[in-house]
Amino acid sequence: YDCERLSAGLRRTSPFHNFDEKLEGYSPHLTSLVSGHHYANRPSGLRLHDVKGVADVQYIVRWRERLLTAIHLGVVIDNHGNEIVLTPENGIDMLGAMLEPSYESMNREYYGDIHNNVHDMISLIHDPDGRYKKYRGVMADTATSLRDPIFYRLHRFIDNIFQKYKATLPVYNKKDLDFPGVSIVTVTVKAKSHNIVNTYMKEDELELSHAIPLKGQVKVKYHHLDHEPFTYHISCENNAGGPKRATVRIFLGPVHDELGNKFSLNEARKYFIELDKFRTECKLPRSEVFQNLA
């Protein structure tokens, strides 16, 4: 989402981490296919309130502080009060299970359910105590929550928690990243212009009867972003004494921020998108790897 904003000349999303903040308004103009109700509007200037059956705002603040404390100290407290170390091997999984609680979560009563509860609290921000019997907003439904701009601010906050944890990990060394005997010589992209892939808006048709029960075929035209065909060309050198199997991962990421300043690699990696991943074989003594994306 931030990459799309940068490509459109917009600034990156600011995280939603001040739970007393007045939120921007949003009107979805959407109807639930399940209930038939219209998703509620969110007037501008509303704040989070305690929601019966969901959570209190003070719980959300408390859970956030406990998660950050666990990250800073490098340990979490299990259901029996024992300290469990967040190791480089399992720490990110433990933290993920705590932010998105499941049966694998560590001490759910203590660390709470901050992600899902904030979704629900935002969806009921217009009627937190239910006195007006209003239907919920789009943030309560996984099929519609991405329509609301606050979704991306909330998930920037969630992503930042993971980034805080990653900043505590030891840096990779040569042994962690080395592929003994194999080195990349060149990487190029072949398209109409060398090392440049052009995108464009394309008109397409969508058959609605695949998702909605309708009598007969109903097609709608829509515009979407597409790209010209291109090919990765990776040249690698193999001095390992025999063929080597390798996994190639291609990432797409921004070069400049909203002010036109070039990102450092450490900053840019936070916005990387895995564009492709495939297995290949590096033959002796040199191998050419091609992967087409039409």
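I count helices (H or I, at least four residues) and strands (E, at least two) as DSSP runs, numbered from the N terminus.

**Ground rules**

I am working on a predicted model: local features need pLDDT of at least 70, side-chain atom pairs count only at pLDDT 80 or more, and totals for chains, interfaces and linings use all residues. Residues are numbered from 1 along each chain as its sequence is written, and side-chain values use heavy atoms, with hydrogens and water left out.

**Entry: the annotated span**

I looked up the record. UniProt, in an unreviewed entry, places the feature "domain: Tyrosinase copper-binding" at residues 148–159. UniProt positions are given in the numbering used here, feature names are shortened, and annotations may be inferred rather than shown by experiment. I then checked the span itself. Residues 148–159 are 92% helix and 0% strand, and their end C-alpha atoms lie 17 Å apart.

**Entry: the whole protein**

I noted eight helices and nine strands in the protein. The radius of gyration is 24 Å, well over the 19 Å that the globule rule gives for 294 residues, so the protein is more spread out than a compact globule. That radius is taken over C-alpha atoms, and the globule rule is 2.2 Å times the number of residues to the power 0.38. Along its principal axes, the C-alpha trace spans about 75 × 60 × 40 Å.

Next came burial. I call a residue buried under 20% relative accessible area, exposed over 50%, and partly exposed in between (1.4 Å probe, protein chains only). By that count, 35% of the 294 residues are buried.

I took contact to mean heavy atoms within 4.5 Å. Among contacts between residues at least 6 apart in sequence, 64% join residues at least 24 apart.

I also looked at charge. The protein has 38 positive and 38 negative charges, and their mean positions are 2 Å apart. Lys and Arg count as positive and Asp and Glu as negative; His and the chain ends are not counted. I placed each charge at NZ of Lys, CZ of Arg, CG of Asp or CD of Glu.

**Entry: helix α5 and its surroundings**

I went to α5, residues 114–123. Eight of its ten residues are buried, so α5 is largely enclosed by the rest of the structure. Among them are His115, His119 and Met121. The buried residues of α5 pack against α2 (57–73), α3 (91–99) and α6 (149–166).

I turned to α3. Its buried residues include Gly91, Met94 and Leu95. They pack against α2, β1 (75–77), β2 (83–85), α4 (108–111), α5 and α6.

Gln58 sits in α2. Gln58 counts as partly exposed, at 46% relative accessibility. Glu109 belongs to α4. Glu109 counts as exposed, at 75%. I found Glu109 and Asn79 to be 30 residues apart in sequence and 8.3 Å apart in space, C-alpha to C-alpha.

**Entry: Arg153**

I stopped at Arg153, which lies in helix α6. Arg153 counts as buried, with 10% relative accessibility. Not counting residues up to four places away in sequence, Arg153 touches Thr13, Ser14, Pro15, Phe16, Glu21 and Glu24. I also checked Trp63: it is 90 residues from Arg153 along the chain, and their C-alpha atoms are separated by 18 Å.

**Entry: Thr186**

I found Thr186 in strand β3, residues 182–190. Thr186 counts as partly exposed, at 36% relative accessibility. Leaving aside neighbours within four places in sequence, Thr186 is in contact with His233, Ile234 and Ser235. His224 is another matter: Thr186 and His224 are 38 residues apart in sequence and 33 Å apart in space, C-alpha to C-alpha.

**Entry: backbone details in loops**

I logged a cis peptide bond from Leu284 to Pro285, with omega near -20°. Pro285 is in the loop between β8 (273–282) and β9 (286–293).

I then looked at positive phi values. His29 has phi near 55° and is not a glycine. His29 is in the loop between α1 (2–7) and α2. His29 is exposed, with a relative accessible area of 71%.

Lys133, also not a glycine, has a positive phi of about 55°. I placed Lys133 in the loop between α5 and α6. Lys133 is exposed, at 73% relative accessible area.
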